[in-house]
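I start with a loop residue and then move on to a strand.

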Amino acid sequence: MLNKKMNILLLFLFIFMMGCEKKGNEKKEKKKNFENLQSKTAQENIFSNNSIEKIIETFSKKSKDNKISIGNFEKLSYENRNYYYVKIHSRGDAIYALDYSGISATSIFLKVNNVNGANLAIIENMVVNLIQVSDENIKDSEARAIYTKILSSLGEKELSSLLTYKNGIIYGIRIDSATGEFIFFARESEDEKAVTSIQNLNFANKGKTDEKTLAKLEKNK
């Protein structure tokens with residue numbers, strides 16, 4: 001009789017333990033699925049994981065939300081690289097540009113022909129807009145913090161700075177001390193070619209572009 005009771009007790013204990021293990025596995029599976037969904041959502045918000053059409057759509061939406069008036073994106077080929085660029089109405093000498101390969105962008109830029117004390121605030125707003133386009137999960141305050149951190153690490157002699165953020169995007173600034181040209185960019189890799197090419201492009205204000213460069217730009221449109 002005692003053995004029979006022990007067997008029943010052990011059976012119930014076994015069933016209970018199996019039930020606990022099953023619930024534990026279900027919780028682990030739910031957690032894993034949730035983490036995978038979060039990861040997928042985060043990846044979809046990164047610009048380099050989206051098509052050019054989606055990035056342009058995001059630019060239009062974010063620019064409207066951030067009260068930055070832009071025109072229509074135009075296609076351009078220059079030095080064997082492909083770009084889409086758009087003029088910023090509030091700054092006649094400023095553009096946003098996308099460097100792309102295939103159907104995906106590899107870098108996005110803000111280029112302003114001349115930065116000075118009078119336009120620092122509006123340039124910050126344009127940078128914040130670009131950062132939010134690069135990762136749709138980034139809020140205004142976070143974007144401003146990223147920009148501030150990059151500015152604080154600018155070199156005294158070489159006016160450039162890079163920051164690899166937690167989302168995997170490399171953000172950077174380059175300022176030409178001689179001309180005042182300002183470039184802020186977000187890119188997916190360490191490749192410098194797109195940044196170098198964008199420095200040579202002066203389509204932000206064609207009125208000041210030398211005739212040779214302008215002719216080349218018009219020819220490649």
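1. Let's begin with Asn72, which sits in the loop that links helix H2 (52–65) to strand E1 (74–78). Helices (H or I, at least four residues) and strands (E, at least two) are DSSP runs, numbered from the N terminus. Please keep in mind that this is a predicted model, where local features need pLDDT of at least 70, side-chain atom pairs count only at pLDDT 80 or more, and totals for chains, interfaces and linings use all residues. Residues are numbered from 1 along each chain as its sequence is written, and side-chain values use heavy atoms, leaving out hydrogens and water.

2. Asn72 counts as exposed because its relative accessibility is 69%; the cut-offs are over 50% for exposed, under 20% for buried and partly exposed in between (1.4 Å probe, protein chains only). Leaving aside residues up to four places away in sequence, Asn72 touches Tyr85 and Val86 (contact means heavy atoms within 4.5 Å). Its C-alpha atom is 7.7 Å from that of Lys87, 15 residues apart along the chain.

3. Now to strand E7 (residues 182–187): six of its six residues are buried, so the strand is largely enclosed by the rest of the structure. Phe182, Phe184 and Ala186 are buried on one side, and Ile183, Phe185 and Arg187 on the other.

4. Finally, do look at the hairpin of E6 and E7, with six residues between them. Gly180 in the turn has a positive phi of about 85 degrees.

Key:
Pairing = 2+ DSSP bridges.
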